[in-house]
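Me: I would like to learn how to read a protein model step by step. Could you take me through this one?

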Amino acid sequence: MATRMDPMTNAINPQNNFQNTDSRFVRFAKDIPMVVNWHITERCNYRCSFCYSDWNHLDEVWNKLENVRKVIENIAHYHAERFGAGAAPWRLSVVGGEPILFQKKTQFVVETAVACGAEVSIITNGSHLENMFPFARLLSQVGVSLDSFIHETNMKIGRQCNGHTLSFEEISDKIAAFRAINPNVRVKVNTVVNQNNFDEVIVDKVAALGATKYKILRQMPFGDNKGVTDEQFYTFIRNNYREDLFAKVGSGRHIFIEDNSVMTQSYLMVAPNGCLFQNGGAEYRYSRPLMDIPFEVALKEIDFAEEKFFSRYTSTATETIIARMHNAVA
Ligand SMILES: C[S@@+](CC[C@H](N)C(=O)[O-])C[C@H]1O[C@@H](n2cnc3c(N)ncnc32)[C@H](O)[C@@H]1O
Ligand code: SF4
């Protein structure tokens with residue numbers, strides 16, 4: 001496997017990380033948490049036609065709980081060594097598949113990560129949000145994927161189980177019940193712009209859910225599903241890029257837009273089998289398992305573009321897309 005030098009690991013200064021003179025690293029350490037997305041399972045109750053959660057039924061680490069601890073401790077150790085005690089806590093984002101179908105195992109992952117000093121968030125299709133209530137207090141953020149509030153659209157997408165789709169009222173009630181347990185939780189909404197929803201307006205309802213972050217993702221081509229054209233993507237953005245609707249949840253940017261190029265090599269992702277992996281090529285690229293090698297070694301075994309990571313957390317990626325959209329019209 002070819003390796004590329006990784007700017008993150010190159011910058012490690014084990015003596016004193018904050019003496020690194022590169023201001024981006026200081027900012028990264030203090031303001032922008034290191035976020036690791038662990039796709040803990042590929043199993044799901046929905047069948048979204050574009051879903052990339054496919055790891056060929058690899059053995060899932062959480063079938064051996066002691067290995068879950070090893071992976072999390074490995075990441076925590078890297079974060080402490082790299083960024084030091086004054087850094088923002090790292091965040092474990094528990095993703096799938098649908099993690100919350102497996103309540104006990106998800107709870108173990110969450111509790112272990114919190115015990116290791118991480119903040120924890122979960123990305124879910126929302127269908128069983130109530131399964132999180134027993135450990136809701138431990139979560140700093142819940143990300144819910146909502147592509148449409150129209151039953152027929154969700155049926156076409158595959159965001160359904162046995163013909164049931166999540167209505168606005170249903171997810172509203174579930175979020176309200178979650179907030180009753182943990183009033184501090186941040187709610188994020190993800191929308192994938194795809195062939196079935198690109199002409200819909202949903203931002204008003206997303207804002208009404210009290211979301212503090214709204215992420216609009218262009219569908220990555222997957223299998224036979226080629227995604228949307230530029231014009232379709234821009235149609236959705238034109239209709240839904242409404243920062244003003246989020247004013248009541250605080251100042252600053254709330255809407256973040258990701259085109260396909262921003263989504264590749266910009267996420268720190270762990271596969272169900274505990275290997276770091278990277279998208280961007282025809283096939284996923286894997287490191288050896290984090291149960292066996294240090295995180296910094298695994299990082300060198302995949303392609304990770306730190307600049308792209310930064311651009312997702314600042315306004316850069318979103319502003320570039322908005323400028324391109326305006327140029328396309330001009
Ligand atoms: C793979 S899902 C797993 C978590 C959960 N099942 C859910 O749907 O939120 C994580 C996120 O990836 C998004 N996603 C899935 N396939 C995608 C694709 N081809 N392009 C862009 N985003 C995608 C989902 O909509 C969701 O927001
Ligand atoms: S709900 Fe999430 S994991 Fe399940 S199929 Fe849809 S995008 Fe994939």
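Me: How much of the protein chain counts as buried?

Reply: A residue is called buried if 20 or more other C-beta atoms lie within 10 Å of its own, exposed if 12 or fewer do, and partly exposed in between, with the C-beta atoms placed from the backbone. In this predicted model, 39% of the 330 residues of the protein chain are buried by that count.

Me: What should I know about the numbering and the model before going on?

Reply: Residues are numbered from 1 along each chain as its sequence is written, while chains are lettered from A and ligands numbered from 1 in the order in which they are written. Because the model is predicted, local features need pLDDT of at least 70 and side-chain atom pairs count only at pLDDT 80 or more, whereas totals for chains, interfaces and linings use all residues.

Me: How many helices and strands does the protein chain have?

Reply: Helices (H or I, at least four residues) and strands (E, at least two) are DSSP runs, numbered from the N terminus, and here they come to 12 helices and 10 strands.

Me: Which strands pair with β3, and in what sense?

Reply: Two strands pair if DSSP finds at least two bridges between them. Strand β2 (residues 91–95) runs parallel to β3 and is joined to it by 4 bridges, with serine 93 facing its bridge partner serine 121 in β3. Strand β4 (residues 141–145) also pairs with β3 in the parallel sense over 4 bridges, and there isoleucine 123 has glycine 143 of β4 as its bridge partner. As for covering, 5 of the 6 residues of β3 are buried.

Me: Where does strand β6 lie, enclosed or open?

Reply: Strand β6 (residues 213–218) is largely enclosed by the rest of the structure, because 5 of its 6 residues are buried. β5 runs parallel to β6 and is joined to it by 6 bridges, and valine 193 stands opposite arginine 218 in β6. Strand β7 (residues 255–258) pairs with β6 in the parallel sense over 4 bridges, where lysine 215 stands opposite phenylalanine 256.

Me: Which residues come nearest to ligand 1?

Reply: A residue is near a molecule if its C-beta atom, placed from the backbone, lies within 6 Å of it. There are 19 residues around ligand 1, and Phe50, Asn125, Ser145, Asn190 and Met220 come nearest. The elements that give two or more residues to this shell are β3 (119–124) and β5 (186–193).
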